[in-house]
Amino acid sequence: MKKGLALFLVIIFAAVAVGCGSRETANRENHTENSNWTPDTEYIVYFGLNDKITGEQIISTKEATDKILEIFDERGVGYTVLDAFGAYVEDGEAVSNETIVLSILMVTEEELEKAVSEAVDELHLASAMVTKSELTYRFYTTE
């Protein structure tokens, strides 16, 4: 299990570097010319795809992913997306679901909240879980 978690974290951090490489937010310097480590906040958003009323997945994972990415794109929020499968315990019962995971940097918390709330509403989900971590990153480019 620890090997799986370590691999998952390696994939996320590698994907974040690739997925966010072309994004630039107001009030940030040009990252492709920055040779220093840049502090930032990383948000990981978990969208479990079970419907909030039925508890079953109604929309396909592809349709849900397309809708979530459309919402984030329209709001100018960059992301790295991963398909996952998750489970949790509720009232003593294991509940599992297809899960879409987004890793997000270079966004304000307010921008993120608006995009996540819209996606939850549009997909008729009970909620989405967001984690927040402070980190530093650096882009490596060739001249």
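## Reading salt bridges and backbone angles

The structure holds five salt bridges.

Mentor: Welcome! This is a predicted model, where local features need pLDDT of at least 70, side-chain atom pairs count only at pLDDT 80 or more, and totals for chains, interfaces and linings use all residues. Residues are numbered from 1 along each chain as its sequence is written, and side-chain values use heavy atoms, with hydrogens and water left out.

Trainee: What is a salt bridge, and which residue meets Asp66 in one?

Mentor: The term stands for a side-chain nitrogen of Lys or Arg within 4 Å of a carboxyl oxygen of Asp or Glu. Here the side chain of Asp66 pairs with that of Lys62, at 2.9 Å from N to O.

Trainee: Where do Asp66 and Lys62 lie?

Mentor: Helices (H or I, at least four residues) and strands (E, at least two) are DSSP runs, numbered from the N terminus. Both Asp66 and Lys62 belong to helix H2, residues 61–74, and sit four residues apart, about one turn of the helix.

Trainee: Is Lys62 buried or exposed?

Mentor: Buried means under 20% relative accessible area, exposed over 50%, and partly exposed in between, using a 1.4 Å probe and protein chains only. Lys62 has 57%, so it is exposed, while Asp66 is partly exposed at 39%.

Trainee: Which residue forms a salt bridge with Lys67?

Mentor: That is Glu70, with an N to O distance of 3.3 Å. Lys67 and Glu70 are about one helical turn apart because three residues separate their positions in helix H2. Lys67 is partly exposed at 24%, and Glu70 is partly exposed at 36%.

Trainee: How far apart are the closest N and O atoms of Glu109 and Lys132?

Mentor: They are 3.1 Å apart, and the two residues form a salt bridge. This pair links distant parts of the chain, with Glu109 in helix H3 (residues 109–123) and Lys132 in strand E4 (residues 129–137), 23 residues apart. Glu109 is partly exposed at 39%, whereas Lys132 is exposed at 51%. Elsewhere, salt bridges with shared partners join Lys67, Glu70 and Glu122 into one network.

Trainee: Let's turn to the backbone. What is the phi of Met106?

Mentor: Its phi is near 60 degrees, a positive value in a residue other than glycine. Met106 is in the loop between strand E3 (93–104) and H3, and its relative accessible area of 5% makes it buried.

Trainee: And where is His124?

Mentor: His124 is in the loop between H3 and E4. Its phi is also positive, about 60 degrees, although His124 is not a glycine. With a relative accessible area of 33%, His124 is partly exposed.
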